[in-house]
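These are my notebook entries on one protein structure. I looked up a few things and wrote down what came out.

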Amino acid sequence: MGVFVQENVRLFAGGADLTSRSNKVEFAAEVESKESTNYGSQGWKEFLGGLANSALGGEGQWEAGDLGKIDDQAWAAMGAIGGFTVCPDGAAVGSPAWLIKAMQATYKLGGTVGDVAPWATAASGTWPVPRGVVLNPPGTARISTGSGTATQISAVTAAQNLYATLHVLSVAGTSSPTITVKIQSSVDNTFASPTDIITFVAATAIGGQMLRAAGPITDTWFRATWTISGSTPSFLATIAAGVK
């Protein structure tokens, strides 16, 4: 992926796809720089990495009405910890994605007369932030049990975790439509003998989850699978995974 102009940043928070109602997204990660210079440093300063921190901020056009819209989602999440997925250029399978578990710390709305009603929010990270990929695109309706495209990420060392986000963006159907999503791994892209790594809580409504599984995981291929039940079910969901 080369240099590009930001025209298709995708932002998912809980069960909301904020892409069409956001015009600014900022993500930052940092590690404290702790000086450890001593008499053996040979005249050069030395530093150690201290505590790590991450933060996410967004702005856009305000709307409300259900948990798929910014006001409902942000108000429900205020002070709570949840999963966010930020994709710098689209959300096709394999697109780069940052997975962030964060506490929503601020939410602002309203502005000057004549303006398009704005919103702004900021969240403070609580987990390490993996750089991952999208495993299931948000625009493809899932109506029956199945699996996504096999995608190569990397092995997970004993000091790392596999992280995954699930954003259920819409739910339709009768007789309790339900989707249960898993992240599986495999030694190759055939998934002849897949291993279940992460299983999300069964979802029956719009909402989001973020989970992690400890390494080591020697497999390097991953995919999302889903089990769907109910009468005439249909789900839109974004699923992403990464290693950190």
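Before the first entry I needed a term: buried means under 20% relative accessible area, exposed means over 50%, and partly exposed is in between, with a 1.4 Å probe and protein chains only. I also noted that helices (H or I, at least four residues) and strands (E, at least two) are DSSP runs, numbered from the N terminus.

The model is predicted, so I kept its limits in mind: local features need pLDDT of at least 70, side-chain atom pairs count only at pLDDT 80 or more, and totals for chains, interfaces and linings use all residues. Residues are numbered from 1 along each chain as its sequence is written, and side-chain values use heavy atoms, with hydrogens and water left out.

**Entry: helix α1**

I started with helix α1, residues 70–77, and asked which of its residues are buried. I found Ile-70, Asp-71, Gln-73, Ala-74 and Ala-77 to be buried. After α1 comes Gly-79, and its phi is positive, near 80°.

**Entry: the cavity**

Rolling a probe the size of a water molecule over the atoms shows where empty space is left. On a 1 Å grid over the protein atoms alone, a cavity is a set of points where a 1.4 Å probe fits but cannot get out, and lining residues have an atom within 4 Å of a point. Grid points are joined across faces, edges and corners, and a volume is the space filled by probe spheres set on the points.

How many cavities of 30 Å³ or more does the structure hold? I found one. The volume of the largest cavity is about 100 Å³. Its lining has 13 residues, and Leu-11, Ala-13, Leu-56, Phe-84 and Thr-121 lie nearest the centre. At least two lining residues come from each of β1, β4, α1 and β7.

I sorted the lining by class: Ala, Val, Leu, Ile, Met, Phe, Trp, Tyr, Cys and Pro count as nonpolar, Asp, Glu, Lys and Arg as charged, and the others, Gly among them, as polar. The lining has eight nonpolar residues, five polar ones and no charged ones.

**Entry: strands around β6 and β8**

For this entry, two strands pair if DSSP finds at least two bridges between them. I took β6 (residues 96–109) and β8 together, and they pair in the antiparallel sense over three bridges. Pro-96 has Val-133 in β8 as its bridge partner, and Trp-98 stands opposite Arg-131 in β8.

Strand β6 also runs antiparallel to strand β5 (residues 81–87), with six bridges joining them. There, Gly-82 has Ala-102 in β6 as its bridge partner. Ala-102 in turn has Gly-125 in β7 as a bridge partner, and β6 and β7 are antiparallel, joined by seven bridges.

Strand β8 covers residues 131–136, and five of its six residues are buried. With strand β14 (residues 221–243), β8 pairs in the antiparallel sense over five bridges. Val-134 stands opposite Ala-240 in β14.

**Entry: aromatic pairs**

Rings of Phe, Tyr and Trp (its six-membered ring) pair if their centres lie within 6.5 Å; planes under 30 degrees apart count as stacked, over 60 as edge-to-face and the rest as tilted. I found two aromatic pairs in the structure.

Why is the pair of Phe-27 and Trp-98 tilted? The ring centres are 5.3 Å apart and the planes are at 35°, so Phe-27 and Trp-98 count as tilted. Phe-27 is in strand β3 (residues 22–35) and Trp-98 in strand β6, 71 residues apart. Phe-27 is partly exposed, at 26% relative accessible area, and Trp-98 is partly exposed at 28%.

The rings of Trp-127 and Tyr-163 have centres 5.7 Å apart and planes at 65°, so this pair is edge-to-face. Trp-127 is in the loop between β7 and β8, and Tyr-163 is in strand β11 (residues 161–186), so the pair ties together parts 36 residues apart in sequence. I noted Trp-127 and Tyr-163 as buried.

**Entry: Arg-142 and Ser-234**

Arg-142 is in the loop between β8 and β9 (146–147). Not counting residues up to four places away in sequence, Arg-142 touches several residues, including Asn-136, Trp-226 and Ser-234. Ser-234 is in strand β14 and is partly exposed, with a relative accessible area of 22%.

Methods: On a 1 Å grid over the protein atoms alone, a cavity is a set of points where a 1.4 Å probe fits but cannot get out, and a pocket is an open set with protein on both sides within 12 Å along at least five of seven lines; lining residues have an atom within 4 Å of a point. Contact means heavy atoms within 4.5 Å.
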